[in-house]
2 protein chains.
Amino acid sequence: MPANAPRVKLERTAEFGATIITYDRLTENREEIALGIAEQKGATYVHAFGDPWVIEGQGSAGIEIAAQMQSQAGRPPSRIIACCGGGGLTAGLALACPEAAVVPVEPEGWDDICRSLESGEIQDVGTSPPTTACDALQTFATYPINFAVLKARCHEWARASEEEIRAAQRFAFANLRLVLEPGGAAALAAVLSGKVEVDDSTAVLLTGGNTDAASFAKVLGDG
Amino acid sequence: MPANAPRVKLERTAEFGATIITYDRLTENREEIALGIAEQKGATYVHAFGDPWVIEGQGSAGIEIAAQMQSQAGRPPSRIIACCGGGGLTAGLALACPEAAVVPVEPEGWDDICRSLESGEIQDVGTSPPTTACDALQTFATYPINFAVLKARCHEWARASEEEIRAAQRFAFANLRLVLEPGGAAALAAVLSGKVEVDDSTAVLLTGGNTDAASFAKVLGDG
């Protein structure tokens with residue numbers, strides 16, 4: 001795990017019984033480290049997003065959304081707005097909901113998928129991406145398996161600023177009574193800032209609340 | 001509304017178009033004020049908890065709980081733990097779920113219903129109740145219509161301390177990703193502190209999240 005991951009993520013992972021090996025996000029390569037451990041231990045390496053079963057698993061959120069919207073609103077989603085790191089979730093949603101427009105949202109500067117969709121081929125975030133509170137969305141470049149799906153299915157995408165993301169966290173606190181971590185608020189941030197449009201059957205994914213109390217208190221205090 | 005109500009409650013009520021008249025909780029009587037306004041304006045006075053339709057409306061939470069537990073757990077609740085101010089919610093739950101044990105939880109010192117259940121007749125909180133963060137649960141005494149139900153149906157009750165309530169707010173933040181106001185966390189506080197027992201079909205009601213950002217940040221910082 002990244003050495004600078006939120007303490008709550010490190011602690012909760014340890015509570016599940018994991019042995020945690022930390023690395024430096026900017027100077028070390030997590031895939032090399034993980035592949036080395038897998039080889040040494042005879043373990044199976046599972047990529048965080050560039051894996052068909054991970055994509056399929058994340059896509060199950062789309063199946064649940066479609067079923068719930070069908071039963072409660074009488075129709076499946078026409079649009080799905082979701083945060084995007086490596087593209088596992090968004091690719092899974094696109095496969096699970098073939099009739100819906102899927103709109104990936106990345107933090108500003110960590111926009112490898114936006115850049116890739118704009119150029120038509122996989123781009124990385126460059127050598128000096130900015131700091132972001134979205135620890136869960138810091139991916140340097142997507143994988144071909146994800147990009148093949150996204151390139152075929154995504155015709156819109158957006159970048160959310162750090163301030164827009166904090167505002168979305170405060171909105172969820174004040175209006176939804178939900179605790180969102182920064183990355184989990186990125187899709188909502190793009191909606192609230194008007195960067196992506198919603199219609200009356202749009203699903204907006206709020207995808208995580210693993211934030212430290214001190215960090216969350218600071219976000220609330222900024223409002 | 002109480003002059004010292006959380007700002008968010010005052011603001012949200014105003015957003016609905018209300019004309020808000022504030023009063024001092026400790027020196028003024030809200031019922032007299034409301035009855036005077038009703039007479040002056042020809043309006044209908046609705047008591048906050050001592051009203052059969054209010055009780056019935058709050059009891060609808062019990063009907064929803066029973067339906068959801070039946071469909072998801074295969075049985076209705078055996079126990080329901082709920083916060084208690086004037087006894088509208090708890091009386092409603094008791095009527096809606098006649099097979100369930102209903103356990104009211106009050107803040108320490110604002111325990112008129114606990115005292116009333118212990119003595120067998122309606123008691124008030126006395127002339128100098130302590131300060132509590134639970135603005136929603138500050139009732140001086142219950143009403144006969146509520147007490148008649150609670151006396152017949154409640155065989156357990158509990159008082160939660162201010163610190164137990166803050167701890168429950170932090171628990172909900174960290175584990176449920178929910179924003180709870182103090183009063184909304186009272187039932188959970190009684191459970192987490194071991195003051196009331198739970199079995200495998202107990203429902204614990206978390207009943208509100210109207211808390212100001214600064215207050216919530218302070219609770220998080222106390223942990």
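1. This is a predicted model. After the helix comes B:Gly74, which has a positive phi, near 80°.

2. Helix α3 of chain B comprises residues 52-73, and the distance between its end C-alpha atoms agrees with its number of residues. At 1.5 Å a residue, its 22 residues should span 32 Å, and the end C-alpha atoms are 31 Å apart.

3. The buried residues of α3(B) are B:Val54, B:Ile55, B:Gly59, B:Gly62, B:Ile65 and B:Met69. Among the elements of chain B that cover them are α4 (88-96), α6 (144-153) and β4 (202-204).

4. The interface of chain A and chain B brings 16 residues of chain A into contact with 16 residues of chain B. The two chains bury about 1300 Å² between them, of which 59% is on carbon and sulfur atoms. On the side of chain A, A:Phe173, A:Arg177 and A:Val179 lose the most area to chain B, and together they account for 46% of what that side buries.

5. On the side of chain A that touches chain B, the elements giving two or more residues are α1 (7-15), α7 (162-176) and α9 (213-221) of chain A. The most comes from α9(A), with four residues. By type, the residues of this side are nine nonpolar, four polar and three charged.

Note on methods: Residues are numbered from 1 along each chain as its sequence is written. Chains are lettered from A and ligands numbered from 1 in the order in which they are written. This is a predicted model: local features need pLDDT of at least 70, side-chain atom pairs count only at pLDDT 80 or more; totals for chains, interfaces and linings use all residues. Side-chain values use heavy atoms; hydrogens and water are left out. The expected span of a helix is 1.5 Å times one less than its number of residues. Buried means under 20% relative accessible area, exposed over 50%, partly exposed in between (1.4 Å probe, protein chains only). Contact means heavy atoms within 4.5 Å. Buried area is the accessible area (1.4 Å probe) that two parts lose on being put together, summed over both. Ala, Val, Leu, Ile, Met, Phe, Trp, Tyr, Cys and Pro count as nonpolar, Asp, Glu, Lys and Arg as charged, and the others, Gly among them, as polar.
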